[in-house]
Amino acid sequence: MLQQTRVETGIPKWHAFLDKFPHVESLAAASEDDVLKAWEGLGYYRRARLLHKAAQEVALQGQFPKSASEWQALPGVGSYTSAAIASIAQDEPVAAVDGNVQRVISRVFGVFEPVDASSGAKQIQEWANRWLDRKHPGDHNQAVMELGATVCSPQKPSCHACPVSAQCQAAHDPKMWSALPAKTPKKAPVPWAMTLHFAMHGSHWVVVQRPARGVWAKLWLLPESSPTSPEFVRLDDIIPPVRHVLTHRTIEAKVVGWQAPSEKALHTWAKEIEGRVIEWSETEHLAFPRMLTKVFPDIQRSVGA
Ligand code: SF4
């Protein structure tokens with residue numbers, strides 16, 4: 001939950017999620033729409049879908065996995081998550097490597113290979129395995145994560161207060177701090193211009209579900225195609241253009257309004273595009289991208305809903 005979200009925002013979401021799905025069985029039995037709704041606003045929706053699938057797998061097996069390699073067999077569980085769970089909850093001696101740990105290890109052992117490339121990641125993992133306190137793997141992993149989060153910060157690490165400064169190759173060396181962890185250069189986000197169509201009649205309007213793969217998979221959005229019937233009246237851009245930044249894309253979206261001649265015509269068009277006619281109250285139960293929920297109040301004001 002915290003990958004793209006600040007802790008203060010994540011905490012209420014976490015509690016609400018656990019209130020809704022208190023056991024692995026209740027999460028497993030939930031509909032995908034319900035899980036996505038509970039995840040709304042947290043980004044990386046693929047994680048919610050994988051968590052849901054993993055819960056179904058655990059419920060099917062009737063027990064939680066017992067080792068890091070068994071955890072890794074679950075959908076969406078990679079080397080970091082499996083090692084963190086197995087070491088902290090089950091005392092297995094496996095090193096958990098997240099972004100904070102990568103920073104600490106690359107500096108302590110002087111690893112200059114980019115940590116986001118496979119050979120660099122492999123080197124970091126090997127050093128982490130060698131460094132691990134095998135008698136207290138959970139404590140060790142949490143201590144290194146915490147060191148990275150609090151002492152060994154990206155810009156200005158507090159080497160004077162660091163318990164491993166005597167063995168660290170980057171201690172008190174600002175040039176090493178800025179060079180490590182090394183990363184491959186980032187690609188600039190790709191611009192994405194989209195036009196969304198808000199077609200309505202009375203309190204009813206049309207939404208479509210995104211495909212199962214790609215950006216916003218399975219979330220609900222306004223249609224990107226316009227109504228085909230000439231009886232729909234175009235209302236032009238009902239709100240100012242929306243700018244939204246995703247990890248690899250910068251979106252500039254226009255929202256065009258359409259007045260349908262009747263509710264029946266709205267349903268006919270919705271059927272044509274495999275969409276759905278809803279009312280505002282139904283937005284409570286469907287998951288939408290943040291780009292859209294943040295302008296819902298503007299759209300409502302503009303169309304007088
Ligand atoms: S000595 Fe400095 S650079 Fe090295 S791990 Fe500690 S805080 Fe980080």
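1. Strands β4 (residues 233–237) and β6 (residues 249–259) run antiparallel and are joined by 4 bridges. Strands here are DSSP runs marked E of at least two residues, and helices are runs marked H or I of at least four; both are numbered from the N terminus. Two strands pair if DSSP finds at least two bridges between them. Within this pair, Arg234 has Trp258 of β6 as its bridge partner.

2. A note on the basis. This is a predicted model, in which local features need pLDDT of at least 70, side-chain atom pairs count only at pLDDT 80 or more, and totals for chains, interfaces and linings use all residues. Residue numbers start from 1 along each chain as its sequence is written.

3. What else pairs with β6 in the antiparallel sense? Strand β5 (residues 242–245) does, over 4 bridges. A hairpin of 3 residues joins β5 to β6.

4. β6 also pairs with β1, this time in the parallel sense, over 11 bridges. One example is Leu196, whose bridge partner in β6 is Val255.

5. Now confidence. pLDDT is the predictor's confidence in each residue, on a scale from 0 to 100. The protein chain averages 94, and 100% of the residues score at least 70. The lowest confidence is in β4, with a mean of 89. The highest is in helix α2 (residues 24–29), at 98.

6. The chain is assigned three stretches: domain 1 (1–63), domain 2 (88–185) and domain 3 (190–303). Such bounds come from an automatic or database domain assignment. The centres of domain 1 and domain 3, taken over C-alpha atoms, are separated by 26 Å.

7. How many residues of domain 1 are in contact with domain 3? The count is 10 residues of domain 1, against 10 residues of domain 3. Contact means that the C-beta atoms, placed from the backbone, lie within 7 Å. On the domain 1 side, α3 (32–39) and α4 (45–61) each supply at least two residues. The largest share, 5 residues, comes from α3. By class, this side has 3 nonpolar, 1 polar and 6 charged residues. Nonpolar covers Ala, Val, Leu, Ile, Met, Phe, Trp, Tyr, Cys and Pro; charged covers Asp, Glu, Lys and Arg; the others, Gly among them, are polar.

8. Next, the ligand. It is surrounded by 14 residues, and the closest are Cys152, Pro157, Cys159, Cys162 and Cys168. A residue is near a molecule or strand if its C-beta atom, placed from the backbone, lies within 6 Å of it. Helix α7 (residues 99–109) gives the largest share of the shell, 3 residues. The shell divides into 11 nonpolar, 2 polar and 1 charged.

9. Some backbone details deserve a look. Most residues other than glycine have a negative phi, and most peptide bonds are trans. Asp91 is not a glycine, yet its phi is positive, about 65°. Asp91 is in the loop between α6 (79–90) and α7. Glu274 also has a positive phi, near 55°. Glu274 lies in the loop between α11 (263–272) and β7 (276–278).

10. Are these two buried or exposed? Asp91 counts as exposed because it has 12 C-beta neighbours inside 10 Å. Glu274 counts as exposed because it has 9. The cut-offs, with C-beta atoms placed from the backbone, are 20 or more other C-beta atoms within 10 Å for buried, 12 or fewer for exposed, and partly exposed in between.

11. Last, the peptide bond from Leu180 to Pro181 is cis, with omega near 0°. Pro181 sits in the loop between α10 (174–179) and β1 (190–201).

Definitions and conventions. Two residues are in contact if their C-beta atoms, placed from the backbone, lie within 7 Å.
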